[in-house]
Amino acid sequence: MGAVTYAAATSHVGRIVRDPQTAPDALNAAWRALQDDLYDQDIDALVVVATDHYETFGLDNYPSFCIGASDSYDAWGEFGNPTATIAGHSELSEALIKGLVQRDYDLSRSFDMRLDHSFVAPLTKLLRTPAIPVVPFFVNCNTPPLPSMRRCFGLGQAIADTVEHLPDATRVAVIATGGISHWVGLPRAGEINEAFDRRFLDLIASAAVDEVLGWDDDWIAQFAGNGALEIRTWMVAHGAARSAPGTVLAYAPMHAWQTGIGIVRYEVAAPR
Amino acid sequence: MSVYAVTRLTADLEHVDGLLGRFSVDAESVFNNYRLTAAERDAIVARDARTLLALGLNPVPLRNLMFLLGARGPQMWQ
């Protein structure tokens, strides 16, 4: 049987790769730590839980959740962000689709799901050669009504449960991307709410996310920006990690990147 | 607000080869392929982010649209 043996979360702003020289050593060290973890643990596949900024999905058909079902994915390379072709894991994608529907999580699937910086920017930090195959998992984080924090947390639990019922001993990592505080396409773009970010990270570290699960989206958007609504992907990872506490590897209010950057490793229990 | 039309225009300006160039030369000819209101057309031509936001455009495609039209960062709100 399989297992979610690793879970982590990181911000995904494109400047991570477009403006890397401004990153403090602590952020780079944290990303290196995540990369080392993934390769030291011999992970078979990464489920990357991220979003989209109206590159892949538009209002012709905007899902709440969509899973990539291919063996490769092209990056958009939008607005100067990196281009790439990411190796997929269609077998795991298919298993997740079946398992999640069986567990009452109805989601869309795409065989042609191009990836924007929310997937690709973190992957440039996490992958090296040979690349670990990726199952991209889109969560609507910016077009109301959004899937609730609780729904996302439950989805993460269902992902873990599905993986545990795989016939093979597949080792899966769940990586969430997004947040923390930032404003996108609004007059307040450039602001960061460090107090919000640190409070959020404290709650993740102590696994006390009941408070986060009850946060109202209007409140989050007002105090931490519409970009902070992306923390619902972190709730997916938290659920997949079976509510394990997190270790905050780094936090920096990166004004040059207009985003509060957080990087967390969840202390996932070793599989039985 | 024909939100769908504005977001579709934005995506096409970004991803359809040559469309952004044609738009810069003759915006009206491009507009004619989208069901936009006069207020939306005027706001897009004027790079008026505040009006587009007030009309209901989601901030994320708004950011993309303004970037494509050359109004980036703080310039969006001037």
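Analyst: Contact, as used here, means heavy atoms within 4.5 Å. The model under discussion is predicted.

User: Which residues does Ala23(A) touch, leaving aside residues up to four places away in sequence?

Analyst: Ala23(A) touches Asn28(A), Met254(A) and Trp257(A) when residues up to four places away in sequence are not counted. Ala23(A) itself lies in the loop between α1 (15-18) and α2 (25-40) of chain A, and its C-alpha is 9.2 Å from that of Trp257(A), although 234 residues separate the two in sequence.

User: Why is Ala23(A) called buried?

Analyst: The relative accessible area of Ala23(A) is 10%, and because buried means under 20%, Ala23(A) counts as buried.

User: What makes Tyr62(A) and Phe138(A) an edge-to-face pair?

Analyst: A search of the whole structure finds 13 aromatic pairs over all chains, and one of them joins Tyr62(A) to Phe138(A), with 5.8 Å from centre to centre and 75° between the planes. Tyr62(A) is buried at 18% relative accessibility, and Phe138(A) is buried at 0%.

User: Why does the pair of Phe23(B) and Phe31(B) count as edge-to-face?

Analyst: The ring centres of Phe23(B) and Phe31(B) are 5.4 Å apart and their planes stand at 80°, so the pair is edge-to-face. Phe23(B), at 5% relative accessibility, counts as buried, and Phe31(B) is buried with a relative accessible area of 0%.

User: What makes β2(A) largely enclosed by the rest of the structure?

Analyst: Six of the six residues of β2(A) are buried, so the strand is largely enclosed. Both of its faces are covered, with Ala45(A), Val47(A) and Val49(A) buried on one side and Leu46(A), Val48(A) and Ala50(A) buried on the other. In a regular strand, side chains alternate between the two faces of the sheet.

User: Which strands does β2(A) pair with?

Analyst: Over five bridges, β2(A) pairs in the parallel sense with strand β8 (residues 171-177) of chain A, where Ile175(A) is the bridge partner of Val48(A). Five bridges also join β2(A) to β7(A), again running parallel, and there Ala50(A) stands opposite Phe138(A). Strands pair if there are at least two bridges between them, and therefore five bridges meet the requirement in each case.

User: Why is the link between Asp37(A) and Arg265(A) called a salt bridge?

Analyst: The closest N and O atoms of Asp37(A) and Arg265(A) are 2.8 Å apart, and because a salt bridge requires a side-chain nitrogen of Lys or Arg within 4 Å of a carboxyl oxygen of Asp or Glu, this value qualifies. The pair links distant parts of the chain, Asp37(A) being in helix α2 and Arg265(A) in strand β10 (residues 259-266), 228 residues apart. Both Asp37(A) and Arg265(A) are buried.

User: Why is Arg41(B) counted as buried, and what does Glu28(B) count as?

Analyst: Glu28(B) forms a salt bridge with Arg41(B), with the closest N and O atoms 2.8 Å apart, and the pair joins helix α3 (residues 27-31) to helix α4 of chain B across 13 residues. Arg41(B), at 18% relative accessibility, counts as buried because buried means under 20%. Glu28(B), at 42%, counts as partly exposed, since that class lies between the buried limit and 50%. Arg41(B) also touches Phe31(B), among others.

User: How many salt bridges are there between chain B and chain A, and what is the area buried between them?

Analyst: The count of salt bridges between chain B and chain A is zero. The area buried between the two chains is about 1,500 Å², of which carbon and sulfur atoms give 68%, and the contact takes 18 residues from chain B and 16 residues from chain A.

How values were computed
Residues numbered from 1 in each chain as written. Chains lettered and ligands numbered in written order. Predicted model: local features only at pLDDT ≥ 70, side-chain atom pairs only at ≥ 80, totals over all residues. Heavy atoms only, no water. Phe/Tyr/Trp six-rings, centres within 6.5 Å; stacked < 30°, edge-to-face > 60°. Buried < 20%, exposed > 50% of the residue type's maximum accessible area, 1.4 Å probe, protein only. Helix = DSSP H or I, 4+ residues; strand = E, 2+ residues; numbered from the N terminus. Buried area = accessible area lost by both parts, 1.4 Å probe.
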